[in-house]
Amino acid sequence: MNALVSLHHAVFSRLEAAAPFLIPTLARVIFLGTLFVYYWNSAMTKFGDGIAGLVVPSSGAYIQIFPKAVEAAGYDFSQLDTFHWLVVLAGTWAEVILPILIVIGLFTRLAALGMIGFIVVQSVVDITGHGLAAADIGRWFDGMPSALIVDQRAFWVFLLLVLVLRGAGALSLDRVLAGRRGNPQPA
């Protein structure tokens, strides 16, 4: 029995020592593999045509972010004001910039915190603006782990919380910048 306990301790103490490197690095890789393309594709639907599209969002952007306001305006986008434009523009650019920052590991904690806020707002808009049904919203402890909002987005937020709490890890621009300032981060 002592041999088994010693083997267990030897194996898992090495894994624990590698955790500061592995956990944030794997969190960023998983983000890249699962959510980066999702958010990139979503952002690309929000830019308007041509170079002006970088600051003039598409009509679809307004429909995605302010569905009830657009409907109330009779889909006449000229009735929407500067506030709507600013929110749509900021949301569109956040959907591009924050995931890129997470993947390259630059200002990772702040970017992950921003993405958590983005997911909360996205979820509220999906529920209140797009009228998702209860089955899509889901609830915890119901034995059905596939609901789009409560179940899936809880995992998204947890993944991002790992980055908020642990940082980007050793393979990141955050680490490079910390080293240049003479403040190397712990492995």
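1. Tyr38 is partly exposed, because its relative accessible area is 36%; here buried means under 20% relative accessible area, exposed over 50%, and partly exposed in between, with a 1.4 Å probe and protein chains only. Tyr39, in contrast, counts as buried, at 0% relative accessibility.

2. A word on the basis of these values: this is a predicted model, in which local features need pLDDT of at least 70 and side-chain atom pairs count only at pLDDT 80 or more, while totals for chains, interfaces and linings use all residues. Residues are numbered from 1 along each chain as its sequence is written, and side-chain values use heavy atoms, with hydrogens and water left out.

3. A search of the whole structure finds nine aromatic pairs, where rings of Phe, Tyr and Trp (its six-membered ring) pair if their centres lie within 6.5 Å, and where planes under 30 degrees apart count as stacked, over 60 as edge-to-face and the rest as tilted. One of the pairs joins Tyr38 and Tyr39 edge-to-face, at 4.8 Å centre to centre and with 80° between the planes. Tyr38 and Tyr39 also belong, with Phe118 and Trp156, to one aromatic cluster.

4. Phe47 and Trp93 form another edge-to-face pair, with 5.1 Å from centre to centre and 70° between the planes. This pair links distant parts of the chain, since Phe47 lies in the loop between α1 and α2 whereas Trp93 is in helix α4 (residues 82–104), 46 residues apart; helices (H or I, at least four residues) and strands (E, at least two) are DSSP runs, numbered from the N terminus. Phe47 is buried, with a relative accessible area of 15%, but Trp93 counts as partly exposed at 31%.

5. The loop that holds Phe47 also contains Ser58, between α1 (2–44) and α2 (59–65). Ser58 counts as buried because its relative accessibility is 15%. Leaving aside residues up to four places away in sequence, Ser58 touches Thr45, Lys46, Phe47 and Gly48, a contact being heavy atoms within 4.5 Å.

6. Two residues deserve a look for their backbone angles. Most residues other than glycine have a negative phi. Tyr75, in the loop between α3 (67–72) and α4, has a positive phi of about 60° although it is not a glycine, and Tyr75 is partly exposed at 47% relative accessible area. Phe141 likewise has a positive phi, near 65°; Phe141 lies in the loop between α6 (134–137) and α7 (152–166) and, at 83% relative accessibility, counts as exposed.

7. Which residues of α7 are buried? They are Arg153, Trp156, Leu159, Leu160, Val162, Leu163 and Val164, and what covers the buried residues of α7 includes α1, α4 and α5 (108–129). The 15 residues of α7 should span 21 Å at 1.5 Å a residue, and the end C-alpha atoms are 22 Å apart, which agrees; the expected span of a helix is 1.5 Å times one less than its number of residues. After α7 comes Gly167, whose phi is positive, near 85°.

8. Asp81 is found in the loop between α3 and α4 and is partly exposed, with a relative accessible area of 43%. The side chain of Asp81 reaches the backbone nitrogen of Phe83 at 3.2 Å. The C-alpha atoms of Asp81 and Phe21, which are 60 residues apart along the chain, are separated by 47 Å.

Technical notes
Polar contact = N/O pair within 3.5 Å; in protein donor to acceptor, adjacent residues only side chain to side chain.
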